[in-house]
Structures are given as C-alpha cells and as structure tokens.
Amino acid sequence: MKIEEVKSTVRTQRIAAHSHVKGLGLDETGAAIQSAAGLVGQKAAREAAGIVVDLIKSKKMAGRALLLAGPPGTGKTAIALAIAQELGNKVPFCPMVGSEVFSNEIKKTEVLMENFRRSIGLRIRETKEVYEGEVTELTPVETENPMGGYGKTISNVVIGLKTAKGTKQLKLDPSIFDALQKEKVEVGDVIYIEANSGAVKRQGRSDTFATEFDLETEEYVPLPKGDVHKKKEVIQDVTLHDLDVANARPQGGQDVLSMMGQLMKPKKTEITDKLRMEINKVVNKYIDQGIAELVPGVLFIDEIHMLDLETFTYLHKSLESPIAPIVIFATNRGRCVIRGTTDIVSPHGIPLDLLDRLLIIRTLLYSTSDMEQIIKLRAQTEGLQLEENAFSRLSEIGTSSTLRYAVQLLTPAHQMCKVNGRNQISKEDIEDVHSLFLDAKRSSKHLSEKNNKFML
C-alpha cells in the first residue's frame, strides 16, 4: 500500500534581503534585546528608533525628519523596515530611492510630492444606509428593447436578501445588475448594497455553504444579524495620493474625441498644486466635522545623497506643510559634494540647513560575533544547514570584506555542497566559493596590481 503526504498548496514566500526583519526587537522598557525580531546588535540605533515609533504612535512626529547614517551594510534599511513593521499595516509606509526623482516623464519635485502624499493616510468613517444579507434569489426581469430589434433588455432585477432576523425582496435598477455581475455575486453570497449610491460590495460566501466542496478557496462569512435594511458604519482607508489621482482623471464624455484625447495623453500626468489645495480643503473640512481622521505615515528615502540642491530646498517646503508625513532618510556617505553643485562639501551630501532639522541615528560596524549571529539568522531564513566552523569562517570573511559579501556566499556554498552530495555546508565549501568569487577589496587589489593589462 502506497501512502503519500499531501503537500500544502500555499505558495512559499520569496526570500528577500530583509525577509527576516519582523520588528525592532525591544523589551517592555524600550531596551534593545541583543538578537530579536530579526535584528542583531545596533542597540543604540534600535532604541532611538523605538522612541521614534512611540512618537509616531502618539502623533507627535508628523512633519519631522530622521536620518539613518552609517557605513554600508550596517542595517539602515533593516531598521527603517523594522519601524514600518512596528507601526503595523494600517500606517502608510512608502519606500523610495533618491535616484527615483530623476524621471524622464515628470518633474523631480512632482515625484517627491507624489510620494509625500502616498505616505499620508485618511481614515474615513461614514454611516451609510445599506441593505445587507445573504442572497437567496437573483432574477433579472427582461422586457422588449425600446430601441427596437430582436434583442431584449433588462428592465429591473429582483433580489432576495436574508439575515438572522428576517428576509426582504428588493426590486433594483438595471445599473445595479451590472455592479452585481462585476462583483460575481451568486445565490449564497453575503453582500451589501448602499441605498444612496447603489454600490454593491460582496463580503464573501455564507458559512452555511462551508462544507459544499472539499477544495474551496472562498472566504466564508457568518449570516448578518439584525434587519436587512439598516444603518452601517463603513471605514475606508485611502491615501491623499489616491484622492489626487481619482480627481485628476479626465471626466470627458463617451464620444470618440474625448476617448482619443485620453489615449493621446502620456502614461504619467502631473497633478496640479491647485487640485491638491482643493483636496486639502475638503480633507480639512472632513477632519473638522469628525468624519475623517488623518494618519501620518512614513516616507523612507534611501540613498538621500542622490538628491540635488533643488530637491533639498523643495524638501524644506514639504516638511513645513501642515499635512506632512514622517520622513526617514538613509545614507552611507561621509563628507561629500552636494549633488547639483561643484564645490559645496557637506556631511552626508546634505545641505547644512536641512541637516539642522534632522534627528540623526548612527549605525556602527558589526563585531565578528554579531556577524555570526546575522549569518545564522539568514541561513535559518533560507532553510540552509551549516557546520559550526562554516559559520565562524563566514564571519571572518565578513570582518575582512563586508557582511553583505559573506551573506551572499551562503547560496553558492549550498549549491557546491549539493554537488558534493551533502546536505550540510562545511568550511571547505565556504573556502571553495570564496576562492571562486571575489569581494570588492580583493577585486580592487587585483585591478591595482594588473592595471596596465586593462583598457583605460
């Protein structure tokens, strides 16, 4: 008799550079644990980031900026992503790289402003009159086409809705039938229909159908309580950029000329300041009325030294705006020339007037023991097995070259180990791949020694 285990059909998540980072790894007092939540060492930087998280949660950080500064491979991006994890998925987090602003399609300042607006959330609470329940009947009523011809048209649709308290039969407009078809509503689904707008939202399949099929990918929801016709609080999370884009779309008619005009437009269109000011007025009105709540998120700009003088001055204006997110910069540069100038040298390549406004968190180089812990963490994340002496050799390589290079040797060493018919990576496998691949320091040494052999 052959018995096989059924493998899970859930797709495995791709292992990225920071897949192991789950948070800042702080205890109840805000002190950093040596190795926790995917982060190792950098205690001072993590504790400082913990204070920033507390300020963001208490809404006392909006419009301020933070700079993570340190040598390459010291965990600046990891700390920024850990801050995002600590804040949760309800707080908008928008990562970008400094070089992104140099787009061919739109202005540098527009790219920055778009990302600023993506980082600010708006939580809208609305009390809507809705019809909610499980669909018991869905019958379109056909009639003769008033335009003539042989085809028939739908005059109305009859829908039956059931809740725990009772049932109701509704006669709906044919336009709502189109919305029902778009949502792929069937008998047995739990839906709600907004009374004013006629918008249809499918919430899932009724849990009475849960045992209908063995392989069912549906999300099951319980039968709604109360009456079919009720008032319901609907919470919507949008970003200010979503509102900008929704209002910037051309509202032309359905004639050929307006459609051609839309086709002729470039892929990316700039949103005017006038439109943004109008949206800000409406947003402020909603906040004053208590309908909406502003959720300042986080804009993370990596490689901040790639910005030029124009974009730095624009950042001043944006940070002083009444609606501004928390901005986190990261850089691995020391003293260097500010981009866009030829002779102005500044720390981290950032103008001094902007540098004065920043809270700076310093990241330090890792010790050999810290590197060993990080390599063990990465090996565990990638599902690799290493001998103890292989870990110590990798940490030695990381100390002499860089941590990134040592971590990158893991996968080729695993491949080498498989070729040799073993499951556990040994020190010899590490030595083999280290001799095959060069790190930056050995490569530059090789270039300086054989400089006359290369083309200038």
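**Exercise 1.** Determine how many salt bridges the structure contains.

Solution. Apply the criterion that a side-chain nitrogen of Lys or Arg lies within 4 Å of a carboxyl oxygen of Asp or Glu. The count comes to 19 salt bridges. The model is predicted: local features need pLDDT of at least 70, side-chain atom pairs count only at pLDDT 80 or more, and totals for chains, interfaces and linings use all residues. Residues are numbered from 1 along each chain as its sequence is written, and side-chain values use heavy atoms, without hydrogens and water.

**Exercise 2.** Characterise the salt bridge between Asp308 and Lys108.

Solution. The closest N and O atoms of this pair are 2.7 Å apart. Asp308 lies in the loop between β13 (298-302) and α8 (309-319), and Lys108 in helix α3 (residues 108-118), so the pair ties together parts 200 residues apart in sequence. Helices (H or I, at least four residues) and strands (E, at least two) are DSSP runs, numbered from the N terminus. Asp308 has a relative accessible area of 8% and is buried; buried means under 20%, exposed over 50%, and partly exposed in between (1.4 Å probe, protein chains only).

**Exercise 3.** Classify the accessibility of Arg422 and of Asp429, whose side chains meet in a salt bridge.

Solution. The N to O distance is 3.0 Å. Arg422, at 31% relative accessibility, is partly exposed. Asp429, at 1%, is buried.

**Exercise 4.** Which residues are linked with Glu110 in a network of salt bridges?

Solution. The network links Glu110 with Arg117, Asp244 and Arg276.
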